[in-house]
Amino acid sequence: GAPPDDAMRIAQWLCDSVREQAFSYEESMIEVTISIGVVTRRGDALADSAQLLEAADRALYRAKDLGRDQVVSAE
């Protein structure tokens, strides 16, 4: 329900927040990163939840292909 710019800002904040966290496992510190695919409906474009999820999934895998630890918006 967020405007596209806000959705990207929130996703980037999540990405940054996870990267900055200290995670430990069996007395070792682990760096964790996430990639996020963002999709928003524009104007009166009608898309069902399956189409939106598919578009976000494609954007997520583009983020991973581009090097991970980033946010990519669906086209």
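Arg19 and Asp16 sit three residues apart in helix α1, about one turn of the helix; helices here are DSSP runs of H or I with at least four residues, and strands are E runs of at least two, both numbered from the N terminus. The two form a salt bridge, with the closest N and O atoms 3.0 Å apart (a side-chain nitrogen of Lys or Arg within 4 Å of a carboxyl oxygen of Asp or Glu). This is a predicted model, in which local features need pLDDT of at least 70 and side-chain atom pairs pLDDT 80 or more, while totals for chains, interfaces and linings use all residues. Residues are numbered from 1 along each chain as its sequence is written, and side-chain values use heavy atoms, leaving out hydrogens and water.

Arg19 also pairs with Asp69, the closest N and O atoms being 2.8 Å apart. That bridge ties distant parts of the chain together: Arg19 is in helix α1, Asp69 is in the loop between α2 and β4, and 50 residues separate them. Asp69 is partly exposed at 23% relative accessible area (buried is under 20%, exposed over 50%, partly exposed in between, with a 1.4 Å probe and protein chains only). Through shared partners, salt bridges join Asp16, Arg19 and Asp69 into one network.

Over in helix α2, residues Ala55, Ala56, Ala59, Leu60 and Ala63 are buried. They span an arc of only 145° around the axis, so they fall on the same side of α2; the arc is taken from the directions from the helix axis to the C-beta atoms. The face turned away from that buried side carries exposed Arg58 and Asp65. Arg58 in turn bridges to Glu54, with the closest N and O atoms 2.9 Å apart.
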